[in-house]
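Trainee: Could we go through this structure together, one question at a time, with the terms spelled out as they come up?
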Amino acid sequence: QLPEMLQEMLRRMYDVAPSASIKDAATSDSSNCSLPGRWRDVDARLITVKGERHTGTNFIEGLLLHHFPRRVRRRRGVHLFAGCDVSSQQLDDKGLDRSWCCSKHGLPAVCVFAPPPVYVITLKLPFAWLVSIHAHPYTGCGVNRSFSAFLRQPFAAYGMCRPFRVRETPVDVWSEYSLAAQRMAGPGSPTPAVLWRDTDYLSERRLRCKLEELA
């Protein structure tokens, strides 16, 4: 049973009515493509894909490169973005290192890019994400544990186990990332950003809506 606060956060992120179950998020296909061309006036910006590990960043980036080959920000190396100078980024009140901005797996935040970005932020339902991250954590801590023990032990956000990246549990990692994504891509946010959930690319209609929003 999920804590009530987590259930409410999931309902907001996946547009599920308060009276419905979270499972409806994966089966509903009610998207009405209400935001076509939402960012048509920011053509000078590059689409910049950010997401935690195992949230579909490689798939979404490949899809966007196919449809918008000249509008997607390239990476240098495995996960760091081109046009992002680590030394130009601001440290936040938690002391997070500047490389969070320049990494595709870093926490969603307003960062300094050249040219500036339109963010596509990927998000995965916590149940599926926790299973995937347990199997392939891409980190040096919290590995080789049973799934039950894994859920109750500290785990690192964004890869390596530097002390300031370690959270109390992997659920805390997911919650922190999801709340940051919601702040950046939610209603009323001034930042050009599109939240791309796993249920959006499992549905052809939702997938088309997201592409139209970026077109």
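This is a predicted model: local features need pLDDT of at least 70, side-chain atom pairs count only at pLDDT 80 or more; totals for chains, interfaces and linings use all residues.

Mentor: Residues are numbered from 1 along each chain as its sequence is written, and side-chain values use heavy atoms, with hydrogens and water left out.

Trainee: How many helices and strands does the protein chain have?

Mentor: Helices (H or I, at least four residues) and strands (E, at least two) are taken as DSSP runs and numbered from the N terminus. Counted in that way, the secondary structure of the protein chain comes to eight helices and seven strands.

Trainee: What share of the residues of the protein chain count as buried?

Mentor: Buried means under 20% relative accessible area, with exposed over 50% and partly exposed in between, for a 1.4 Å probe and protein chains only. Of the 215 residues in the protein chain, the share that counts as buried is 51%.

Trainee: Is W100 buried or exposed?

Mentor: W100 has its place in helix α4, which covers residues 99-102. Not counting residues up to four places away in sequence, W100 touches K50, G106, L107, A157, Y158, R165 and R167, where contact means heavy atoms within 4.5 Å. Because its relative accessibility is 5%, W100 counts as buried.

Trainee: How is α5 oriented to α7?

Mentor: Helix α5 (residues 126-135) and helix α7 (residues 170-185) pack with their axes 11 Å apart and at an angle of about 125°; axes are lines fitted to C-alpha atoms, for helices over the stretch in contact, and angles run from 0 to 180 degrees between N-to-C directions. Angles under 35 degrees count as roughly parallel, over 145 as roughly antiparallel, 65 to 115 as roughly perpendicular and the rest as oblique. The angle therefore makes α5, relative to α7, oblique.

Trainee: Which residues of α7 are met by P126, W129 and L130 of α5, and what is the class of the contact?

Mentor: P126, W129 and L130 in α5 meet P170, V171, V173 and W174 in α7. By class, this contact of α5 with α7 has no polar and no charged residues, and seven that are nonpolar, a class made up of Ala, Val, Leu, Ile, Met, Phe, Trp, Tyr, Cys and Pro, with Asp, Glu, Lys and Arg charged and the others, Gly among them, polar.

Trainee: Is K210 buried or exposed?

Mentor: K210 is found in helix α8, residues 204-214. Leaving aside neighbours within four places in sequence, K210 is in contact with V194, L195, W196 and D200. Since its relative accessibility is 12%, K210 counts as buried.
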